[in-house]
Amino acid sequence: MKFKFDKKYLYWGITAFLVIVASILFYYILFHSSKLSHTIQTFIKIAMPIIDGFVLAYLITPILNKVEGKIIKPLYVKAKIPLTPKNKRRIRGFSILVTIVLILIVLYEFFSLVIPEVIRSIQSIIFQFPVYINNLSNWALGLMKNNPDFEKVLDDLLIQYSAKIMEYVNTNLLPHINDLIKTLSLSVIGVVKALWNFIIGFIISIYLLGSKEKFAGQAKKIAYALFDRKAGNELITNFRFIHSTFIGFISGKIIDSIIIGIICFICTSIIGTPYALLVSVIVGVTNVIPFFGPYIGAIPSTFLVLMVDPKQALYFVILILIIQQFDGNILGPKILGDSTGLSGFWVIFAITIFGGLFGVLGMIAGVPIFAVFYAGVKSLVNRQLSKKGLPTQIQPYMTVGQINEEKVFTEYVPPVKKRKKHNDTMSVYGHNSENKDSKTEDRKEE
């Protein structure tokens, strides 16, 4: 008797195996989470050069596409050189070379202009620090001369907390000075390792840029092999949406921050703000962080200016408020547009959660990551509503009380004593359904 193989037993076996594997993983995560976390951190530490390479390749790709499409390839076409596979590889190689040279030139020019001025500003702050503290003290004392009650309260606070500060320094800080030196040494070693990982990642990014179409093709091949055509197309479409959201937001935010830094430098130079370049760099860099970035950069910058000239600190605060209003209402929307599709509340929500989990990097990348998650949930909800024949717009649901079986939206009416019954309803699209009411009355008469 010939044995006939039934595929359903294979599917049951695979399902049972996956359930067992999932149960084991759940148990391991639940009771051995520390080991799992340590394993993940070790893997990330080992794979950091590759991660750096992928990140660099991803950020450089838009520049490479512009250089290749607007400069190198048109030169080949103008010279009537046939675009054979060999010549295409040459075009990609020249494009990568030109892109890297352009990036290095821009970075060199930027750092050669900014770094010396920033170093001079920091050295000046260190050498003049006692003078700045004296100026600040004199300004505070002059402010308190007209407020004797406030002066007495401040003196009491200084006496109270100065004793506690000295006690903390003697009991906690000085005995642990060796640990502090050890921590600083480890930090220097960590910086050297990060720099080495960055160099290896840069080399890896060149290989990734050279074969980016091949890697993309391999990813699509795997998608169509694992899923049917419809699911594969949807998966690729979703990845393209993720890419456009990420690269649009990150590149737009970088350009926006550079413009804000330049505007801040021009304005602070005009009004005579001390350390104009240093505070402008701080404002421009922190502006990359959405929503909270301007305030994060403005606080230390204001303190620096306050130590030198309190009146200039007030001017600087007013200037930052004006610049941020310009950025939030005119420049930012012009550059970024609606790249994330998130309201102000969800932007703050994403920055708070991701910033708490991953620090500054989470604050920068949290908004586009949450935008992708938000769009996925929105797409899923709209799909389910469409299957049920309900509208996907938000307006009909804003005042709805309930939906009856005929998919008619009944408006919500607050309960009032001795309220007369009424049958005011609106259709799915918000129109009054008088025909529905008349049909109901006809049925009652029958």
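In which helix is Ala 365 found? In this predicted model, Ala 365 lies in helix H13, which covers residues 344-387. The chain as a whole contains 15 helices and three strands, and 24% of its 446 residues count as buried. The points below take up confidence, overall surface and contacts, and then particular helices and residues.

**Confidence**

- Across the chain the pLDDT averages 77, and 75% of the residues reach a score of at least 70.
- Confidence is highest in helix H8 (residues 212-226), with a mean of 89, and lowest in strand E3 (residues 425-426), where the mean is 44.
- Over residues 422-446 the pLDDT stays under 50, and for this stretch the model has 26 contacts beyond four places in sequence.

**Surface and contacts of the whole chain**

- The accessible surface of the chain amounts to about 32400 Å², and carbon and sulfur atoms account for 69% of that area.
- Among contacts in the chain with a separation of 6 or more, 58% are between residues 24 or more positions apart.

**Helix H2**

- The end C-alpha atoms of helix H2 (residues 33-46) are 20 Å apart, which agrees with the 20 Å that its 14 residues should span at 1.5 Å a residue.
- Helix H2 is hardly covered, since the count of buried residues among its 14 residues is zero.

- Apart from neighbours within four places in sequence, Glu 68 is in contact with Lys 73, Pro 74, Ile 91, Arg 92 and Ser 95.
- Asn 87 belongs to helix H4 (residues 85-127), and Asn 87 is likewise buried, with a relative accessible area of 9%.
- When residues up to four places away in sequence are not counted, Asn 87 touches Tyr 76, Ile 81 and Pro 82.
- Lys 73, one of the residues in contact with Glu 68, is 14 residues from Asn 87 in sequence, and the C-alpha atoms of Lys 73 and Asn 87 are 9.9 Å apart in space.

**The nonpolar patch on the surface**

- A nonpolar patch on the surface is formed by Ile 254, Ile 258, Ile 262, Phe 265, Ile 266, Ile 270, Ile 271, Leu 314, Tyr 315, Ile 318 and Ile 322, which together have about 1000 Å² of accessible area.
- Helix H9 (229-271) and helix H12 (310-336) each supply at least two residues of this patch, and H9 gives the most, with seven residues.
- Ile 318, a member of the patch, sits in helix H12 and counts as partly exposed, because its relative accessibility of 43% falls between the limits of 20% and 50%.

- The C-alpha atoms of Ala 365 and Phe 354 are separated by 8.0 Å, while the two residues are 11 residues apart along the chain.

Notes: Residues numbered from 1 in each chain as written. Predicted model: local features only at pLDDT ≥ 70, side-chain atom pairs only at ≥ 80, totals over all residues. Heavy atoms only, no water. Helix = DSSP H or I, 4+ residues; strand = E, 2+ residues; numbered from the N terminus. Expected span 1.5 Å × (residues − 1). Buried < 20%, exposed > 50% of the residue type's maximum accessible area, 1.4 Å probe, protein only. Contact = heavy atoms within 4.5 Å. Patch = residues over 30% accessible without salt bridge, like charges linked within 9 Å, V, L, I, M, F, W, Y side chains within 5 Å. Areas by Shrake-Rupley, 256 points an atom, 1.4 Å probe, with all protein chains shown as cover. Salt bridge = Lys/Arg side-chain N within 4 Å of Asp/Glu carboxyl O. pLDDT = per-residue confidence, 0-100.
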